Protein chains: 2
Amino acid sequence: MSIIRHFEDFTPGAIIELGSRSVSRDEIIAFASEFDPQPFHLSEEAGKASLLGGLAASGWHSAAIFMRLLVDGLLGQAAGQGAPGIDKLMWRRPVYPGDTLSATAEVLTSRPLRSRPGLGVVGFRFVVSNQRGETVMTLENPILFACREMPA
Amino acid sequence: MSIIRHFEDFTPGAIIELGSRSVSRDEIIAFASEFDPQPFHLSEEAGKASLLGGLAASGWHSAAIFMRLLVDGLLGQAAGQGAPGIDKLMWRRPVYPGDTLSATAEVLTSRPLRSRPGLGVVGFRFVVSNQRGETVMTLENPILFACREMPA
């Protein structure tokens, strides 16, 4: 049985490890071909000639890989109800073929949602790192969760 | 021949139309299966039981579709050098199977980059709408562009 986390289970200050996932050259090129066909996401040559220093993943690909880590490591065992947006996302270093990304979630804030009793909003800061421990992406965003107990 | 836009070509206040693109049920499920396998992105039943009101695209899928519009409608004919991050992204309405998304870019700010002569940073606000004219996503982010003329 999976343990289900509800709104009440997220305490500010808590840090949750979200696991890791590698990305291949073929995956980088496939994602970029469909969604972000800028030259530096499609070929070594264009990547080397760019600020990225080599073929590198679309920032949206890195974000999507992070999302998969978040689902596998947290939301898949929680009563998540979606997210209204992202407050701040920074692509801090390129993601190259063969990199393994891992992520952590830090709970920043937690408050019941007045407009929708039975839901609460948890503010997170996420840090995504590569296999050398370098931060490649950070983002902050609120996520809605169902409460375990409905308000009286 | 394509017209190449450089840093100098982006004037605050300018609005650029980025075209449109539809998203199918199969694409929504395929993207979610790989990157965001939350139930409401995978089945009608779970979508109807959620705040989204029906099977709806992952917010990261909407962002990726927007990116493709941005490349096809602007960056593909510009000297873009990547983006350091996103200042604020809001998912304002669900994106459902069969929706057609279109986007506009508004130039908010423009300044040469002191730390890297020959580059400038342009601040954009993007609005993504569906076929009913409803805003589904907004985001603001800076993008780097090469200058047409190197500083003296």
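This is a predicted model: local features need pLDDT of at least 70, side-chain atom pairs count only at pLDDT 80 or more; totals for chains, interfaces and linings use all residues.
User: How many residues does the contact take from chain A and from chain B?
Analyst: Residues are numbered from 1 along each chain as its sequence is written, with chains lettered from A and ligands numbered from 1 in the order in which they are written. Two residues are in contact if their C-beta atoms, placed from the backbone, lie within 7 Å. On that basis, chain A gives 27 residues and chain B gives 27 residues.

User: Which element gives the largest share of the side of chain A that touches chain B?
Analyst: Helices (H or I, at least four residues) and strands (E, at least two) are DSSP runs, numbered from the N terminus. Those giving two or more residues to this side are helix H3 (59-73), strand S2 (85-86) and strand S3 (88-91) of chain A. The largest share, 7 residues, comes from H3(A).

User: Are H3(A) and H3(B) roughly parallel or roughly antiparallel to each other?
Analyst: Their axes (lines fitted to C-alpha atoms over the stretch in contact, with angles from 0 to 180 degrees between N-to-C directions) come within 10 Å and cross at roughly 170 degrees. Angles under 35 degrees count as roughly parallel, over 145 as roughly antiparallel, 65 to 115 as roughly perpendicular and the rest as oblique. H3(A) and H3(B) are therefore roughly antiparallel.

User: What is the bridge partner of A:Ile86 in S3(B)?
Analyst: Two strands pair if DSSP finds at least two bridges between them. Here 2 bridges join S2(A) to S3(B), and these strands run antiparallel. For A:Ile86, the partner in S3(B) is B:Leu89.
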